[in-house]
Amino acid sequence: MNKIITLGEFIIQKQADFPYAKGELSRLLSAIRLATKVLNSQINKAGLVDDILGGMGTENIQGEDQKKLDLYANELFINALKARNEVCGIASEEEDRSIIFENEVGQNGKYVVLIDPIDGSSNIEVNVSIGTIFAIYRRVSKIGTPATTKDFLQEGKQQVVAGYVIFGSSTMLVFTTGNGVNGFTYDPSVGVFYLSHPNIKIPKTGNIYSINEGQYEYFSPEVQSYIKYCKSIDSKTNRPYTGRYIGSMIADFHRNLLKGGIYMYPASSNLPNGKLRLLYECNPMAFLVEQAGGAATNGSTRILDLSPKELHQRTPFFAGSPEMVNQLEVILQGK
Ligand code: AHG
Ligand code: MN
Ligand code: MN
């Protein structure tokens, strides 16, 4: 039998990979691990618990209906991270403004965390995979003062940790600290995450394309050309590709990460900057996919090089196998 490695052991073994003080990584990740376990047990009950399932009748800043589980997960992650005393502020899809921990312990925290507490909320009530996304940065403002906007508006390439949890047929935590990507599968009967997917590498190319093709008429002619490319026949490049779209980015991304493929949420005439949020959806996915050997772009610029202007800004997003993303850029830029 192969040696079994739990998430706890893995973090201890890999402390040296984290270029900062040792206990910080383990405290940050153990906060996320704890929140994930609690959230997992609630998600598994979501079909049973009326109280959690369904709309709250309130909207977040982006005008989207907030589901109860979104708010529950939001509070859970905020409280778990706050309790570990490493974090000076949090930004969340569910919070209009960043949350700054003003007390002395908070002001001494060295990190900010950005989260999408539930990604794919519309899939909760139909029992389809959903996720949680997180990104962690070192603050750039002075330690011992309250966090500032600059701490949150850092370029994606400054991330020190990024990851996601997928609540699928199993629950998995997948993360990077900038030294490759590792995936852990949760055993709910013992409450432990096991290293199940060490050193994940995305295949250089694949045959899956994932896009909400119902929006085709609203896409630019260049994006339409790429979709036609995906559907046209060419045995050398394994085309036509297979279309797969779940509507939870995490689930679409996770499948493509393991099997090879490209995920796309382009700009369209009705969503001129696309739909996905740069800071807590695209940047963490871009860091992960690059660490797995893949690529992520807005069509012309590497996602991790974009300079954020505001917390909830959106960007067109294309990520996946490097050869597929490269071919997409060739077609989008008419090279
Ligand atoms: P969220 O649930 O955090 O608002 O994110 C939903 C996002 C993303 O998960 C998914 O890929 C995309 O919305 C689906 O959008 P469409 O329904 O427009 O395809
Ligand atoms: Mn989301
Ligand atoms: Mn969300």
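Strand S5 gives the most to the shell around ligand 1, contributing three residues. The model is predicted. Strand S5 covers residues 111-119, and together with strand S13 (262-265) belongs to the elements that each supply at least two residues of this shell.

**Ligand 1**

The shell around ligand 1 has 17 residues, of which Asp119, Gly120, Tyr245, Tyr263 and Tyr265 come nearest. Domain 1 (7-197) and domain 2 (208-332) each provide at least three residues of the shell.

| Residue | Protein atom | Distance to an oxygen atom of ligand 1 |
|---|---|---|
| Asp116 | polar side-chain atom | 3.0 Å |
| Ile118 | backbone N or O atom | 3.2 Å |
| Tyr245 | side-chain N or O atom | 2.5 Å |

Taken alone, ligand 1 exposes 470 Å², and the protein buries 84% of that area.

Distant parts of the chain are linked here, as Asp119 sits in strand S5 and Glu281 in helix H8 (residues 278-291), 162 residues apart. Asp119 and Glu281 are both buried.

For the manganese ion (ligand 3), the coordinating residues are Glu93 (OE), Asp116 (OD) and Ile118 (O), at 2.1 to 2.2 Å. The spacing of these donor residues in sequence is E-x22-D-x1-I.

Which residue bridges the manganese ion (ligand 3) and the manganese ion (ligand 2)? Asp116 coordinates both ions, which are 3.7 Å apart.

**Burial of Asp116 and Ile118**

Are Asp116 and Ile118 buried or exposed? Asp116 counts as buried because its relative accessibility is 0%, and the cut-off for buried is under 20% relative accessible area. Ile118 has a relative accessible area of 1%, so Ile118 is buried too.

Both residues take part in more than one of the contacts described above. Asp116 places a polar side-chain atom 3.0 Å from an oxygen atom of ligand 1 and is also the bridge between the manganese ions. Ile118 has a backbone N or O atom 3.2 Å from an oxygen atom of ligand 1, and its O atom is a donor to the manganese ion (ligand 3).

Conventions. Residues numbered from 1 in each chain as written. Chains lettered and ligands numbered in written order. Predicted model: local features only at pLDDT ≥ 70, side-chain atom pairs only at ≥ 80, totals over all residues. Heavy atoms only, no water. Near = heavy atom within 4 Å. Polar contact = N/O pair within 3.5 Å; in protein donor to acceptor, adjacent residues only side chain to side chain. Areas by Shrake-Rupley, 256 points an atom, 1.4 Å probe, with all protein chains shown as cover. Helix = DSSP H or I, 4+ residues; strand = E, 2+ residues; numbered from the N terminus. Domains from an automatic or database assignment. Donors = N, O, S within 2.8 Å, 3.2 Å for Na, K, Ca; no water. Buried < 20%, exposed > 50% of the residue type's maximum accessible area, 1.4 Å probe, protein only.
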